[in-house]
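Dear colleague,

Please find below the structure that I am handing over to you. I would ask you to keep it open while you read the notes that come after it.

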Amino acid sequence: MSSKDDPIYVVRPNLPPFEEFTRAVKTAWDRRWLTNGGALHQELETALEKRFGGLQVSLFNNATIGLMAACAALDLKGEVITTPFSFIATAHSLLWNSLTPVFVDIDPHSLNIDPAKVEAAITDKTSAIMAVHCYGHPCDVEAIEAIAKKHNLKVIYDAAHAFDLECHCGNILQHGDISVLSFHATKVFNTFEGGAIVCKDPALKTRIEQFKNFGIVDDEHIGQTGLNGKMSEAHAAMGLAQLPHMDEYRKGRARVDALYRCELADVKGIKLLHSGAKTPNYAYFPVLITDECPISRDALYDLLKDHNIIARRYFYPLISDFPMYQALPSSAPDNLPIAQKASSQILCLPIYPDLSEAEQMRVINVIKEAS
Ligand code: T4K
């Protein structure tokens, strides 16, 4: 039973019944097989491949290492066009591969990378586009793919927010050369920490599998400067225990999404965003606190905190404003006016499957009273 003063966080991890997790993990105990591609790892990988309609899945210990592996597996060089409006891991994966991020502005409605700006930023050094389905709102995949095809570029989707997300042509993960999912505790599907690379090409999956296992080809050969990106059996057990509950989790988040939309639709200065997905995953509930709102975004964020409601400003500051990116020519604020504005107005409200109506009304009432 929660009290009226208990903290309400932006997200809380989905948790299956504890015994379902321990039952799964006990099988690894009994086998004394804890990591390095064990039976649970294999079972989760196969279950996800089936769920994703036959795409190739390679499990990882988190999405950040997955993004780094994706760049290495595609042998990217030079510049990669990307969005400044994301979690820092998106761009860090490029720096770790000695690639230069080239930031382009975002679309004001989806807050995803704007394909029209992508084309203008292509140079003879560009090797790829790294786009993000921010908040589980699909990118304009067709436009991105047309540009990539025309200019012979690779496409990586940072799909950290995009588990169980369908655009009008089906599973969003079928697009691009590679998509990278996050299974972090705060994500729609979690394995405590974890992630996966999804691709179509079995040969590419083989390179990725070797990369995540130190680059080992066989017991006498190392093919690449790989990393340790493996998912353990305990993490895979958590994933297997979560999978049967995904529909109920989605329904819970859809209920929360619907109540916000109903209660906040007419609140002055609160702009609701729309996912544009055929089947949304309701991963986040972002709103923009616009200039018409009587209270600023930061004042509302602080006010919610005073009520023990821990909303988050995903994504403020912009990646391009952090020290290791600031000096890049593409980081200049006048190159990114829409992203700058969105970053100053964004607020992600609490959403998770078991957020109760009473808890959610606490959030809504603070916003309504302030607006
Ligand atoms: N690309 C994108 C677009 C991403 O958003 C992310 C990660 C990545 C790549 C990289 O994925 P991973 O390498 O992590 O797989 C969180 C997450 O740590 C991060 O995974 C996520 N994006 C990012 C958007 O959010 P923080 O620093 O905001 O997390 P934290 O610890 O403040 O947690 C948020 C709230 O969740 C807390 O206020 C309370 C609640 N919480 C958190 C944890 C960890 C719980 O209730 N239980 C928990 O166990 O980064």
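The following paragraphs describe what was found in this structure, which is a predicted model.

**The sheet**

Seven strands form an open sheet with mixed pairing, in the order S2-S10-S9-S6-S5-S3-S4. Strand S2 (56–60) and strand S4 (100–103) are at the edges; each has a single partner strand, so one side of each has no neighbour in the sheet. On average, neighbouring strands of this sheet are turned by 25° against each other, direction ignored. In general, the strands of a sheet pair through backbone hydrogen bonds, and they do so either parallel or antiparallel. Strand S9 (residues 178–182) and strand S10 (residues 195–199) run antiparallel and are joined by five bridges. Within this pair, Ser182 stands opposite Gly195 in S10.

**Helices across the sheet**

Helix H6 (residues 141–151) lies across strand S5 (126–132) and strand S6 (154–158), and runs at about 150° to S6. Helix H7 (residues 202–211) lies across S2, S9 and S10, and its direction is at about 10° to S2.

**Helix H3**

Is helix H3 largely enclosed or largely open? Nine of the eleven residues of H3 (residues 63–73) are buried, so the helix is largely enclosed by the rest of the structure. Among the buried residues are Ile65, Leu67, Met68 and Cys71. At the start of H3, a side-chain oxygen of Asn62 comes to within 3.0 Å of the backbone nitrogen of Thr64. After H3 comes Asp75, which has a positive phi, near 55°.

**Salt bridges**

Side chains of opposite charge can pair when their charged atoms come close. The structure holds 14 salt bridges. In one of them, Glu49 pairs with Lys205, with the closest N and O atoms 3.1 Å apart. Glu49 lies in helix H2 (residues 39–51) and Lys205 in helix H7, so this pair ties together parts that are 156 residues apart in sequence. Lys205 has 14% relative accessibility and therefore counts as buried, the cut-off being under 20%. Glu45, Glu49 and Lys205 are linked in a network of salt bridges.

Asp75, the residue that follows H3, forms a salt bridge with Lys77, and their closest N and O atoms are 2.8 Å apart. Lys77 is exposed, with a relative accessible area of 53%, and Asp75 is exposed at 52%.

A further salt bridge is formed by the side chains of Lys341 and Asp291 (3.1 Å, N to O). Lys341 is partly exposed at 41%, whereas Asp291 is exposed at 61%.

Yours sincerely

Key. Residues numbered from 1 in each chain as written. Predicted model: local features only at pLDDT ≥ 70, side-chain atom pairs only at ≥ 80, totals over all residues. Heavy atoms only, no water. Buried < 20%, exposed > 50% of the residue type's maximum accessible area, 1.4 Å probe, protein only. Helix = DSSP H or I, 4+ residues; strand = E, 2+ residues; numbered from the N terminus. Polar contact = N/O pair within 3.5 Å; in protein donor to acceptor, adjacent residues only side chain to side chain. Pairing = 2+ DSSP bridges. Axes fitted to C-alpha atoms, helices over the stretch in contact; angles between N-to-C directions. Contact = heavy atoms within 4.5 Å. Salt bridge = Lys/Arg side-chain N within 4 Å of Asp/Glu carboxyl O.
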